Structure formats: C-alpha cells, structure tokens
Amino acid sequence: MNYEKRKQRNQYNELNAHELECLEDRDLLFLIENYVTKRQDYGHIADLIRGDADIISKMVDSDHLFKKVMNEGSVILHSSPYFLFTLLLRRVFKLKKTDKDFIDNVVAELNDTEQKYPWNRDKVIRLLNSTNVSNYLANMLAMFVQSSRFYKIEKDGRKQYRYIIDLIEEIQRSDNTRRFYSYCYIGNYTLFFIGMFPEFIKHRFRSNKSLIDIRYYVDFGKTYFGLASEHEMARQYGMDNTLYSLSEGFEIITKLLQFMHKEYLTFNNLKW
C-alpha cells in the first residue's frame, strides 16, 4: 500500500492512526535534523525518504538519535507524542529481545498460569519482533496522554466512563461498530494503567481503597483484546493479528511498558 493510501486509511482509525511510513511533517523533519549531521537540505531529504519505512525505521532505531534525545530531552518537544513513544518502545523491544533473563523469566511465569497455550523463547521473540504491536502501543499511549481522551471510547464522544463495569454495561447497548471500539478501549485502558501506574493500583488495593487488584486488570485486558481480535472490524482494519498478540502477550507487554516508564520517563530529561 502506497503512502497516500495508507494515510487516507489511517485517518479513519484512531487506534492505528500513525505509522512510520506516514509520519507527520514535523516528525519527519525532527528525525532528519537530529539524525543527519553533515547536510542541511532537510526538506529535500524529507521528500526523498517520505513513505520509505525501511529507511525511516533505521533512522529511528539509531543509537545516535536515541542518545541525543535522552541527553537533550527538550529536543523531543518539537515532535509528536506518537514519535516519542515509537522511539522509546522500539528501543525497549530491541533491548528485551536480547535479554535472556527477561525472556526466561516471562516464559516461566506465563507457563505457571497459562497451560492451554504454553510459551517458549521463540514465541516471546516473535512478539518482541512485532512492529505492528509496538506501533499500536505508540498510538495508544499518544492517545491517552491527551487528558480529554482518557475516559472516552471515541475521540468525539461526550460520555465519560470511569469504571470498567460501566463500559461493560455500555457494550450491551452498543451497535456492532461501537462494540469493537469498546472492546479495544477496555484493553487499552487496562494495559495503560498496569503498564504506566502499577504502584497506584497496588497501593489502592493494599489500603482497601479499591477491591480491584492487578490480576483483575490483566484478566479484563486479555479478554477484551481477544474479543476485539475476533471482531469483523479488526479484520477490516488489518488489526486482528495485532489485537490477538496483545491479548495473548498482555503480561509481557505490561512489563515492557513498566520498564519504559521507569527507565526513560521518570529519572531523566523526559518529563512524564
């Protein structure tokens, strides 16, 4: 699919709104300005590489760019949240793919609780190799950093939902399209909370301020990403495999988000 067709398709789907092939102009220029060191014809370079996923991916994954963003955190303010999260998530996926202890530990942990579909090292590596999964997560995080979106199923929705049970009740009254977005939203909501604020959930549960523990969020996240993956709109958007991976590998992905938050968004120039 060419650049213009991808861009046109994605504008109708907030869950998959951005891709490296269709970077906003400001993100593409930010990438070039902070990657290229011996040329200054940035506009010309942008025209040459726009829509080329392979070249853009190599630039995003470069150690030079990552170190510059980490050392001079303020430079990232000139890019979009999607670009920032893409940069960080791809780095985390890359690091954990070569972390034998991490892989062995998650395999052992998952196989203690999941007997139906046993995990092994190759299965974890396949998940960590999925650019579709990391791209979905970057879109989800970029969406949720907008405070106006955190409790809404759709971008232009008026009604807010602060509890999962309210969302489940809404699903019973929804048409087929809204049901799909509700499934995805519950998956996103639970994944975001466990991945970015696990201590908040644990604290509220330990202090008896909430009856909901981490396992509750995990079970709902896995279930509703699974339902979303089986929905006809998932196939229409080409997201069925991605949503299934989010369901099956939910616990692994929460660990990746927790690592990203702790290592890159808390103790350095990148202010969460």
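**Aromatic pairs and helices in a predicted model**

A search of the whole structure, which is a predicted model, finds 16 aromatic pairs. One of them joins Phe180 and Tyr181 in an edge-to-face arrangement, with 5.4 Å from centre to centre and 65° between the planes. Phe180 has a relative accessible area of 0% and is therefore buried. Tyr181 also counts as buried, because its relative accessibility is 17%, and the limit for a buried residue is under 20%.

A further aromatic pair is formed by Phe193 and Tyr217; the pair is tilted, with 6.2 Å between the centres and 45° between the planes. Phe193 belongs to helix 11 (residues 176-196) and Tyr217 to helix 13 (residues 214-230), so the pair ties together parts that are 24 residues apart in sequence. Both Phe193 and Tyr217 are buried. These two residues are also members of a cluster linked by ring pairs, which consists of Phe144, Tyr183, Tyr185, Tyr189, Phe192, Phe193, Tyr216, Tyr217, Phe220 and Tyr224.

Rings also take part in arrangements with charged side chains. The charged end of Arg91 sits over the ring of Phe66, at 4.3 Å from the ring centre. Lys123 lies over the face of Trp119, and here the distance to the ring centre is 4.5 Å.

Arg91 is also in contact with Ser62, a residue that touches Tyr35 as well when residues up to four places away in sequence are not counted. Ser62 is located in the loop between helix 4 (53-60) and helix 5 (63-71). With a relative accessibility of 12%, Ser62 counts as buried, because the cut-off is under 20%.

Helix 6 spans residues 81-97 and has 17 residues. From the first C-alpha to the last, helix 6 reaches 24 Å, which is close to the 24 Å expected at 1.5 Å a residue. Most of helix 6 is covered, with 13 of its 17 residues buried.

For the protein as a whole, the secondary structure comprises 16 helices and zero strands. The protein has 272 residues, and buried residues make up 51% of them. Among contacts with a separation of 6 or more, 68% are between residues 24 or more positions apart.

Key:
Residues are numbered from 1 along each chain as its sequence is written. This is a predicted model: local features need pLDDT of at least 70, side-chain atom pairs count only at pLDDT 80 or more; totals for chains, interfaces and linings use all residues. Side-chain values use heavy atoms; hydrogens and water are left out. Helices (H or I, at least four residues) and strands (E, at least two) are DSSP runs, numbered from the N terminus. The expected span of a helix is 1.5 Å times one less than its number of residues. Buried means under 20% relative accessible area, exposed over 50%, partly exposed in between (1.4 Å probe, protein chains only). Contact means heavy atoms within 4.5 Å. Rings of Phe, Tyr and Trp (its six-membered ring) pair if their centres lie within 6.5 Å; planes under 30 degrees apart count as stacked, over 60 as edge-to-face and the rest as tilted. A charge sits over a ring if NZ of Lys or CZ of Arg is within 6 Å of the ring centre and within 35 degrees of the ring normal.
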